[in-house]
Amino acid sequence: YLSETVLQSIKNAEFATIKIAPEIPEQCSNFGEFDMQKYLAAKNIDCVVFPGDSDIEACSFEEIAGKRHSVQYYSSEIRECIKNILIKNSDEGTASVCMSIMTGDSGMLESETKTSFQKAGLSHLMAVSGAHVAYIADPLKKIISKIKTRRLGIRLKSIIVLPFVLMLTFVSGFSPSILRASLMYICMILAVVFGRRYDPLN
């Protein structure tokens, strides 16, 4: 078992590395006994590990980046601030779902909640992606398009949306799904700015 100090360090860390080789559970030796290997295989678990305190190393974005004030560090700090606000103003279950949908951080979600989302076919909401970009960009474009002034042409109106999309990418921790969606949306905006034709589907 791990000591309380190590457990607390893992809880507060952004990353944790385990330096130990996984083991395959042993099969039962006598007929009719409980078979741990079959039990874990039914849960899609093929290997197990039994680490000690010396096998686990908890680290943060600061240590990985080699400096305290990195982009990932500030992104993590903002997510932590959002999480504290959600926990303070709602129950833990609601806060975990909101945190996962808003930032893609599903660390607070219980396994039962994840299973419920998977069964409902809504697990994609837990990964910040193109849908989240559309939720932010499309309403903003509608609002900005209502502004009647010659100073704001269609190109400038398109550029105004860009900082909000970049902020979503930053807060969500630059995950691959949001990076891909943001880059494609930026390409679409640049097409409008430079007067090029674009296809929203690709």
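Which residues form a positive surface patch? In this predicted model, Lys141, Lys142, Lys146 and Lys148 do. A word on ground rules: residues are numbered from 1 along each chain as its sequence is written, and side-chain values use heavy atoms, with hydrogens and water left out. Since the model is predicted, local features need pLDDT of at least 70 and side-chain atom pairs count only at pLDDT 80 or more, while totals for chains, interfaces and linings use all residues.

Along the sequence, the pattern reads α-β-α-β-α-α-α-α-α-α-α. Of the 202 residues in the chain, 26% are buried (under 20% relative accessible area; exposed is over 50% and partly exposed lies in between, with a 1.4 Å probe and protein chains only).

Patches take residues with over 30% relative accessible area and no salt bridge, joining like charges within 9 Å and nonpolar side chains (Val, Leu, Ile, Met, Phe, Trp, Tyr) within 5 Å. A salt bridge here is a side-chain nitrogen of Lys or Arg within 4 Å of a carboxyl oxygen of Asp or Glu. Lys and Arg count as positive and Asp and Glu as negative, with His and the chain ends not counted; each charge is placed at NZ of Lys, CZ of Arg, CG of Asp or CD of Glu. Lys148 sits in the loop between helix H7 (130–145) and helix H8 (154–171), and its 75% relative accessibility makes it exposed.

The negative counterpart is a surface patch of Asp91, Glu92, Glu110 and Glu112. Glu112 belongs to helix H6 (residues 111–119) and is exposed, at 51% relative accessible area.

There is also a nonpolar surface patch, made of Leu156, Ile159, Ile160 and Phe164, with about 310 Å² of accessible area together (Shrake-Rupley, 1.4 Å probe, with only the protein chains shown counting as cover for residues). Ile160 lies in helix H8 and is partly exposed at 31% relative accessibility. Leu166 is placed in helix H8 too, and counts as partly exposed at 43%. From Leu166 to Leu183 the C-alpha distance is 9.4 Å, across 17 residues of sequence.

As for disulfides (pairs of cysteine sulfur atoms within 2.5 Å), the count is 0. Cys47 is partly exposed at 38% relative accessible area, and Cys187 is partly exposed at 46%.

Conventions
Helix = DSSP H or I, 4+ residues; strand = E, 2+ residues; numbered from the N terminus.
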